[in-house]
Amino acid sequence: MARKYFDTADTIETTVKIRGIEYPAVVDFELFANMANFDCFNCVEHCCGDNPSIYEEQTRDFILKNIEEYNRLTKNNDILQWEGYSQNEIEKSISEDPLMVPEKHVEEEIINCTCSFKCNNSTTLCSIHSICLDKGMDSAEIIHRKPVICSLWPIEILAEDDLSMLYITLPDDFTNGFTIENYYTKSCINEEYASSPIFRRENPDGFLEEEYEPFITAYKDTLIYGLGKRCYEDIKSALIEYEVLEEEDFHMEVQQIHSKI
Ligand code: SF4
Ligand code: SF4
C-alpha cells in the first residue's frame, strides 16, 4: 500500500539526517503545507499513552541528572518507593530497563508513557520536554534529549529493510495514515475536526482557527533538528516552486516546541 501511494504522490528526493546519520529519502512534500496547531496544553488526547520503542542513553542520563524534577512531575520515584524499591534500584531501572521502570509496574501503577505527566486532570504532557524548557534549552537540545520518534511525531517515516531509502509523509487521511491511529481525532493536524461541534464539546478552549499554520512552519525547528536542514530547505523550496506556499507563509517566530505552561 505504501509503495503504491509513493508511486503516485508528488514527491521530492532529498537527504535526511537523523541522529547524525544520513539517509536518502523520498518526501511527499505537499502535505507539509497542511495546517497544524500543536496546542498541546489545551489537548485532552492521550498521544503520550504509549512508550516510545527505545529510550536512548542521552534521555536516561538527562532524567538521572534531573531526577527530582522528573519525580515532581511524573511521581514515578514516589510510586516505586511506595512499592518498596530503594533509590538505587530506581536509578538502576532508569539506566537499564527498556521502559525505565520495572516491567511489572508499566500500565499497572505507572499508566501512560513512563515519562508523561498530567499538568491538570485532563492534559497529558512530556516531562522530558518540560524539564528541557525549564532549563532554557534550545530546540536542538530538546530534540536531542527526547526520544526521536516522539520529536518527529506525527511525521510518518517508512524505510526499506536495508535503510537504502526512507519514505516520508504526514497523516492526511486513511489513504496515507500508515502508522498513526485515529487521525480523525487529532486536532493538531486536523483543522476540520478542530472546528467541529463534536470537538468543542470535549475541548471548549484552545485550538483557535487563527493559530493554525502550515505544518512546515509550525514544525520548522523539529524538521531542521530532527530530519536535517537540507530536508527542511528542500521541502520549503518545492512548496514555493510548485506554488503551494509563498515565502511570506514562512514567518512563524516562536515555535510551539517552546510553548510553556
Ligand atoms: S494530539 Fe497533538 S495537540 Fe494533542 S498532545 Fe498530542 S501533539 Fe499535542
Ligand atoms: S513525548 Fe515524552 S511523554 Fe510522550 S511518549 Fe514521548 S517520551 Fe513519553
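**Figure 1. Strand 2 and strand 7 side by side.** In this predicted model, strand 2 pairs with strand 7 (residues 166-169) in the parallel sense. Three bridges link strand 2 to strand 7. To find your way in this view, look for V26, which stands opposite Y167 in strand 7.

Figure 2. Four strands build an open sheet, and their order is 1-2-7-6. The pairing in this sheet is mixed. Which strands sit at the edges? They are strand 1 (12-18) and strand 6 (156-159), each of which pairs on one side only. On average, and with direction ignored, neighbouring strands of the sheet are turned by 35 degrees against each other.

**Figure 3. A hairpin made by strand 1 and strand 2.** Here we follow the chain from one strand into the next. Strand 1 and strand 2 form a hairpin, with two residues between them. In the turn you will find R19, whose phi is positive, at about 50 degrees. The pairing of strand 1 with strand 2 (residues 21-27) is antiparallel and runs over seven bridges. You can trace two of the residue pairs yourself: T15 stands opposite P24 in strand 2, and V16 has Y23 of strand 2 as its bridge partner.

**Figure 4. Helix 12 meeting helix 13.** Now to a pair of helices. The axes of helix 12 (residues 220-227) and helix 13 (residues 229-241) come within 6 Å and cross at roughly 130 degrees. Helix 12 and helix 13 are therefore oblique to each other. Which residues of helix 12 make the contact? They are K220, L223, I224 and L227, and their counterparts on helix 13 are K229, C231 and Y232. By class, the residues of this contact between helix 12 and helix 13 are five nonpolar, two charged and no polar.

**Figure 5. Helix 3 packing with helix 6.** Here is another helix pair to explore. Helix 3 (residues 67-74) and helix 6 (residues 127-134) pack at an angle of about 130 degrees, and their axes are 10 Å apart. Helix 3 and helix 6 are therefore oblique to each other. The crossing of helix 3 past helix 6 is right-handed. Helix 3 brings E69, Y70, L73 and T74 to the contact, while helix 6 brings S127, S130 and I131. The residues of this contact between helix 3 and helix 6 split into three nonpolar, three polar and one charged.

Figure 6. We turn next to a ligand. Around ligand 1 you can pick out F38, D39, C40, C43, E45, C47, K186 and C188. How many residues of each class does this shell around ligand 1 have? There are five nonpolar and three charged residues, with no polar ones.

Figure 7. The residues around ligand 2 are C48, P52, C113, C115, S116, C126, I128, K146, P147 and C150. Sorted by class, the shell around ligand 2 has eight nonpolar residues, one polar and one charged.

Methods
Residues numbered from 1 in each chain as written. Chains lettered and ligands numbered in written order. Predicted model: local features only at pLDDT ≥ 70, side-chain atom pairs only at ≥ 80, totals over all residues. Axes fitted to C-alpha atoms, helices over the stretch in contact; angles between N-to-C directions. Parallel < 35°, antiparallel > 145°, perpendicular 65-115°, else oblique. Contact = placed C-beta atoms within 7 Å. Nonpolar A, V, L, I, M, F, W, Y, C, P; charged D, E, K, R; others polar. Near = placed C-beta within 6 Å. Left-handed = near helix turned anticlockwise from the far one by under 90°. Pairing = 2+ DSSP bridges.
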